[in-house]
Protein chains: 6
Amino acid sequence: MQKVITFGETMIRLSPPDNNRLEQTGSFDVHVGGSESNVAVAIKRLGLDTSFVTRLTDNPLGRMVRNKVREHGVDVSSIVWTEEDRVGTYYVEYGANPRPSAVIYDRKDSAISKIERGTVDWKEVFAGGTLFHTSGITPALSSSARRVTEEAMQKAKKQGLKVSVDLNYRSKLWSQEEARECMTGLMEFTDILVTSEEDTERVFGISGESYEEVAETLAERFDFEAVAITLRDNISMRRNDWTAIAYKDGNFFDDMTYELELVDRVGGGDSFTAGFLYGYLTGGPDKGIKYGNATSAIKQTNPGDLNWCTLEEVKNLAKGGGRVRISR
Amino acid sequence: MQKVITFGETMIRLSPPDNNRLEQTGSFDVHVGGSESNVAVAIKRLGLDTSFVTRLTDNPLGRMVRNKVREHGVDVSSIVWTEEDRVGTYYVEYGANPRPSAVIYDRKDSAISKIERGTVDWKEVFAGGTLFHTSGITPALSSSARRVTEEAMQKAKKQGLKVSVDLNYRSKLWSQEEARECMTGLMEFTDILVTSEEDTERVFGISGESYEEVAETLAERFDFEAVAITLRDNISMRRNDWTAIAYKDGNFFDDMTYELELVDRVGGGDSFTAGFLYGYLTGGPDKGIKYGNATSAIKQTNPGDLNWCTLEEVKNLAKGGGRVRISR
Amino acid sequence: MQKVITFGETMIRLSPPDNNRLEQTGSFDVHVGGSESNVAVAIKRLGLDTSFVTRLTDNPLGRMVRNKVREHGVDVSSIVWTEEDRVGTYYVEYGANPRPSAVIYDRKDSAISKIERGTVDWKEVFAGGTLFHTSGITPALSSSARRVTEEAMQKAKKQGLKVSVDLNYRSKLWSQEEARECMTGLMEFTDILVTSEEDTERVFGISGESYEEVAETLAERFDFEAVAITLRDNISMRRNDWTAIAYKDGNFFDDMTYELELVDRVGGGDSFTAGFLYGYLTGGPDKGIKYGNATSAIKQTNPGDLNWCTLEEVKNLAKGGGRVRISR
Amino acid sequence: MQKVITFGETMIRLSPPDNNRLEQTGSFDVHVGGSESNVAVAIKRLGLDTSFVTRLTDNPLGRMVRNKVREHGVDVSSIVWTEEDRVGTYYVEYGANPRPSAVIYDRKDSAISKIERGTVDWKEVFAGGTLFHTSGITPALSSSARRVTEEAMQKAKKQGLKVSVDLNYRSKLWSQEEARECMTGLMEFTDILVTSEEDTERVFGISGESYEEVAETLAERFDFEAVAITLRDNISMRRNDWTAIAYKDGNFFDDMTYELELVDRVGGGDSFTAGFLYGYLTGGPDKGIKYGNATSAIKQTNPGDLNWCTLEEVKNLAKGGGRVRISR
Amino acid sequence: MQKVITFGETMIRLSPPDNNRLEQTGSFDVHVGGSESNVAVAIKRLGLDTSFVTRLTDNPLGRMVRNKVREHGVDVSSIVWTEEDRVGTYYVEYGANPRPSAVIYDRKDSAISKIERGTVDWKEVFAGGTLFHTSGITPALSSSARRVTEEAMQKAKKQGLKVSVDLNYRSKLWSQEEARECMTGLMEFTDILVTSEEDTERVFGISGESYEEVAETLAERFDFEAVAITLRDNISMRRNDWTAIAYKDGNFFDDMTYELELVDRVGGGDSFTAGFLYGYLTGGPDKGIKYGNATSAIKQTNPGDLNWCTLEEVKNLAKGGGRVRISR
Amino acid sequence: MQKVITFGETMIRLSPPDNNRLEQTGSFDVHVGGSESNVAVAIKRLGLDTSFVTRLTDNPLGRMVRNKVREHGVDVSSIVWTEEDRVGTYYVEYGANPRPSAVIYDRKDSAISKIERGTVDWKEVFAGGTLFHTSGITPALSSSARRVTEEAMQKAKKQGLKVSVDLNYRSKLWSQEEARECMTGLMEFTDILVTSEEDTERVFGISGESYEEVAETLAERFDFEAVAITLRDNISMRRNDWTAIAYKDGNFFDDMTYELELVDRVGGGDSFTAGFLYGYLTGGPDKGIKYGNATSAIKQTNPGDLNWCTLEEVKNLAKGGGRVRISR
């Protein structure tokens, strides 16, 4: 079976229930989330093997992060454990028109930001692997995390894995200049890029008259095997339209637009990446776009970063069909 | 006072809160629900006497089913109790676009599926009754349940009660062929049929160019006193349009279309039936359609199968009026 | 710093969670709310000092009312405490189309309804104050509350404070005739009136071809310094449009219309008043209208009567901007 | 079947979850409770028919009171409904050593306090009845409630029912002098008295060297058919010892002492009364004491005033047996 | 690393929160539990590899069972999946003195009860395994489950694994005679027996003057390698004393008695088995008894069947120490 | 009125509900807590004015800390706000015998640990003040926090305030050697020391044959005006005994021992300090010990660090009285 390895930070995620604002809440719902483990979980649910690599503090919070990823069948045996440092946390406040949702990160000095080159035995991690995935968040965590990201991408390429990257620009972690300098370097090892028009503009200064033009420019400049661009239209806080396009070898691939009744948009991009990679690896870019969109659409209807879809649900949705109803 | 007797299965209903998916939930909200007790509860709330007949296991779950129906004033003194068998359960997962809601039934070998002819003293049950109601779910539960359904309908007719049936086809309980064979037989004892276009097609193979044509065809083929057809338009998982039409003696009766902000659609059809029967028995088909739609619309805005409306609310809504606002 | 003093009743507010109906709920979410303390809280959050005057029974419920207002920094040192009487309560049932939200008041014989002239040392309360605010609810509570409202308004004028009034007609407290007689008298002491077209019609019998005409008529008849009229369009129970206009010295001031995804509409008008008074006092009627609308719009997206906004959020929203999204 | 009729006030009961104090809570658990409906519910669960008479405001709160009593099968058809007045509420704060539990009543001017002689058709209510029960709370609610209590007791006697009274002195409702004057009069119509040593002392000024002496003195002074005295030993807030004795015709009846792990002590006395009356009516004073204690002990282990026991549980417990364990 | 394989049924477990009785609850806390997966989870947490074998219906409930076991790192790759049958459920009602806890099973016709010989590839399952564990519940589920239990035990012995059995008599599943006949046969393949004095008496009719005598008799009659007997003293529903003894080769091993403040006793025996097997396999019977008791004691302080202990916690507790306090 | 100023760190506190372990929880209850604000809140509730000084990040978490302290009437106008750094958090896991409660701190690099000398205008803060209080936690946070603690104590002495210190040794923040070196220096400015025997031994290496001897040794070595030593006996996780003694001018003061049914022991020591200081300042050491113990005992019966007592409750408890019961 094909196997996807992802690398990044996963945090404890705290969100007030019932549309309460952060400042007023008397309780938090607890989830775990992080771009790369979100991807690993969703790909595993669709049917490929996945392994998630990170560095975690060995306390109940760190163990919870591992547990919640392992619950879905992701291989967590390559996680690096430490008695030091801390587990990052973040707070999600759901919005409602006209108040936007908000995220507060409290992730500084987390265990993964202190990871060092040579800590992970990448050779063993990548054995039998098909693809290595990470995002632009990981190298932004710290200079040592950046060095390890580079190390991982290099070794993945060397061991014959494809490498995919979600550009995922986070202004709270680094400046556009820092991101550009670092990510431009990492594109050398990248085969597949998943991004949004906005992040492309902010990180690479690339824009265009159309999504297609942006995708093509990216693919040409960095010699990518494939590029996917996600398109989210924020109708309101509870209603978004979602679709994406892909570009490969001069061809464009698109799909229907999903009208989403949002339950939790966080992790929606990661589920797209997961569905896209699953479809791409098992059928090519057209399947990738269709499965990416369907996987993302389903995710955005359940609380938490993680996707609880089944392959059958994704298949049915990707095939389309009429208006939704109850199944009984 | 007029009295309506209903007969069928009521189950413990478990649903995850806060749009959680079934597989991810850490708790279940507990309700009870079943098509025929849903009808009995709503008719009682509107003002007629009702009695509900079923067979239940005498344990806390069975007693909860009885209690929650009795809480609304339904007469539960004719319920058959047993130390054997089990209380059926079902799981409701609320959807959000584009993910549909889902229902998982775990009702096999429930106490009512083991009911036998001769167990219920129908003569006593029907004494003073106006109308007997059941649905296509009850005979689908088991062959003995089918025999008791037939027994009840026959005796009801014999004792001079009207008989109404909600066609309610459940593909998880029997095939279309089984349903057709059985339900066709039962139509002989049926005065009033409530159904949807889709169920009519699946069970009787009857379709038409319009709802009206379907209603007329049904009424003629089975010589019904009246037919009502409900029309639900699934705009999205949180937004449905709802209306219904009735046919009687060559005349059609329709109503405004309600734009529903769905809280819980399960039981919406049963509340229509209740409102329709209440209106029909106290005023005729026109009142039936108007009260049926209003009763159903209100139900779909509260959690659980059961309706917590008042007669005054239904009256006010059926009369129409402008856009809704807060009352204070 | 400018200081706003408000006077009125604050109650314990009980609302069923998760769209449950009042009659079916197994728990209540607890908030505190009252028009005038809602205003005091929101103005304080925007940056002016505020003091809230009321009369409360010294038990855990009365202390909760004080605490929840004090939590936001409102000065509660002028509250009058008693061992007698009771703390008013009210129940809020959230609606969903086509079922309207409903409020049940249980406020009779509350401590503030027994307040007597001479109890509050208004001279001290108003020392250093800029504006005194109350609403049409306060004098409707009892004849003694009416006398104290009059006393307060007179003394405020005498001490050089501006006086603002939210007309806030409550049909459950008094008839239109009683309201007209009383409020007409109180307008003599009023500089700024906040109201809706509907309340203006019901209390003063004033209507017009347009909101502007109504505002102008009011200002002229009662010689107001400024008038603000709020305009809520009830698209559905979960979707409202909101805006307002102001009139001052022959000029009209308006603003964009907010498309609200309602979490809790109760207190929305009070937050408008707070934002309007804040903007008016710190910049004039144009700023008043823009801040009033933005403050109100944000409030309607969180549970409870109270607003948890920040000045920065209100500023950003009032400045406008594109479609909302997540901030991270 | 024997039938017991009870008469009194039932209120909405609000209690903070998880040992939160009233002043700090963000939610309330909702129950209904009142001494006489607590008795009616528990007797019905044990197997006799019961009817509960009260006066309620016809709003969601009043309907909830009726529903929650009806849920257990109590006949609520004699409740008097009004559009006026209010439904009483009370707040229960659970204690933990050394902090006592606390109850705040907000019951003034409730619907039942406004009940008038002649409102209830006692003749119909008592038809076929075995015993009428009320408590010292009902006449303490208001002078008209006192008159109706007297009316009911007189008519019950006249129609041949036994009358039982739980002395239940509430210092927040009336003084010891008022209670003495009123209750002494009502003892004329009383056959069976349930009380505690403490209430006997406060209301009748009767004390003694032993519980037995007190019981005997009571029985002699008022010529009772039977007297029961409950004995609660407050080891701590979570641990109480409970037993009771009865006196009849010169004989004493006692029972083991239950070591209770308290979940909710409120309603424990009412469940004793219910079990005692059930046992007394179906077997005599010895059975009464044993069933009273067992019924009370079970009640004190579940949240809310109401008892959810079964006759089988009470029987088993009353028979005694070794240390408790899990049943599976 | 040593590996333990367990085989049995795991169910969805539903329990009312806050000491509510089953009949009164409005929600259920959701856990998964089953004797053999409880053992597998706890042994894995202590540090050995474990694999759990069962048969599950492929729906959200079956997947939840698998997820919750996998969350702890148990290998679930040998679970047999089916589209048929159902996932068993059970209901746990927590008691409080004098009301015992209660369990209601609704497990009939679950997927594992329909398992057939030849379905599981035991050869592959047992490859590299150290010990196979099951309990007396598994063969009691159905005759086919009994045949597969026998098959598994035979094959385990053949492949050189030790076999341990927890006698675990369940009167709701079979009679003492059925249990005796079946379990006596299975003892032929059993090396290690974990049981209680009560189950030994009920299943094998073996009793004695002391625990030691019972253990010795068992070991001799069935030629066991080792026997462990657990001793629970039900002081009250919230307070139990717990200890155990072991017998091996003529020697007895005992330990301190733990005074437990029970949060959830269900699964306490399974955690003893896990700790005992872990200690026995890594150090012998003395370590087994000490780790068994400590593992069990910790488990009984958290909700749910599953243990969330760490090896470090168990070690520290097994070493003893003074009175507990807070660690900070 | 006397005024007490306290200085230290307050954190967001997260605890799993219902005895769940940290690793298994799906939600957190949210409180705020910190030794010095706990003291300020409880003293304010008893009736003295209090002001709390800290440094907080201006985000929803920092504002929540301020709000929850302000809710009780503590003056928060001297809090230093920053856009930088973070708000500390900590996690509380409630234990049950034999599993101890556990606290995980995640407070590194919080805003207060970055506070610098000269930031707080102590002169203004201390104006009109009676006593300044801090604990051994504050100087342990960072070297700059240590310098500011020293600065504050010096200035307090200079402005004529008494200074009290709770020794509060936290091994997770610094070593015993670091604590000894720092705290010995700070004792120069200390008038009143509150501590436990254990902390005295760890920080100052002072022990004795009795509590009295330890208190006397402390007072003499550091020339304290008064010393209080708290004595907690950990009977079990849910049952503690609590008392304390004081020493002043050669005299000892003691009190009854409270048998606590623990709801939440965290903050119990701080409430003792608050009650002791309140009693000491308003009546002397004897009142101090009695009010300290009563205030602490009440606190340990409600969730969260903060005390919700009233002066009346503390008075009643300090006066003693028989066994507890319900008040109604």
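I started in chain E, where L193(E) stands opposite V227(E) in β12(E). The model is predicted, so noted before going further.

**Entry: the strands around β12(E)**

I looked up the partner strand next. β11 of chain E, residues 192-196, is joined to β12(E) by 5 bridges, and the two run parallel. On to β13 of chain E, residues 239-248: β12(E) pairs with β13(E) in the antiparallel sense, over 7 bridges. In that pairing I found D233(E) opposite D241(E).

Is β12(E) mostly covered or mostly open? I counted burial for residues 226-233, and the strand is mostly covered, with 6 of its 8 residues buried.

**Entry: chain A against chain B**

I turned to the contact between these chains. Chain A puts in 19 residues and chain B puts in 22 residues. On the chain A side, β15 (258-261) and α9 (285-299) are the elements that give two or more residues. β15(A) gives the most, with 4 residues. I sorted that side by residue type and got 11 nonpolar, 3 polar and 5 charged.

**Entry: chain A against chain E**

I laid chain A on chain E. A turn of 180 degrees with a shift of 0.0 Å along the axis does it, at an RMSD of 0.0 Å. I therefore wrote down a two-fold axis, since that is the relation. Which residue of chain A comes closest to the rotation axis? I found E71(A), with its C-alpha at 2.0 Å. I then compared the contact residues: 80% of those of chain A recur in chain E, and the same surface serves both copies.

How values were computed
Residues numbered from 1 in each chain as written. Chains lettered and ligands numbered in written order. Predicted model: local features only at pLDDT ≥ 70, side-chain atom pairs only at ≥ 80, totals over all residues. Contact = placed C-beta atoms within 7 Å. Nonpolar A, V, L, I, M, F, W, Y, C, P; charged D, E, K, R; others polar. Least-squares fit on C-alpha atoms with pLDDT ≥ 70 in both. Buried ≥ 20, exposed ≤ 12 C-beta atoms within 10 Å, placed from the backbone. Pairing = 2+ DSSP bridges.
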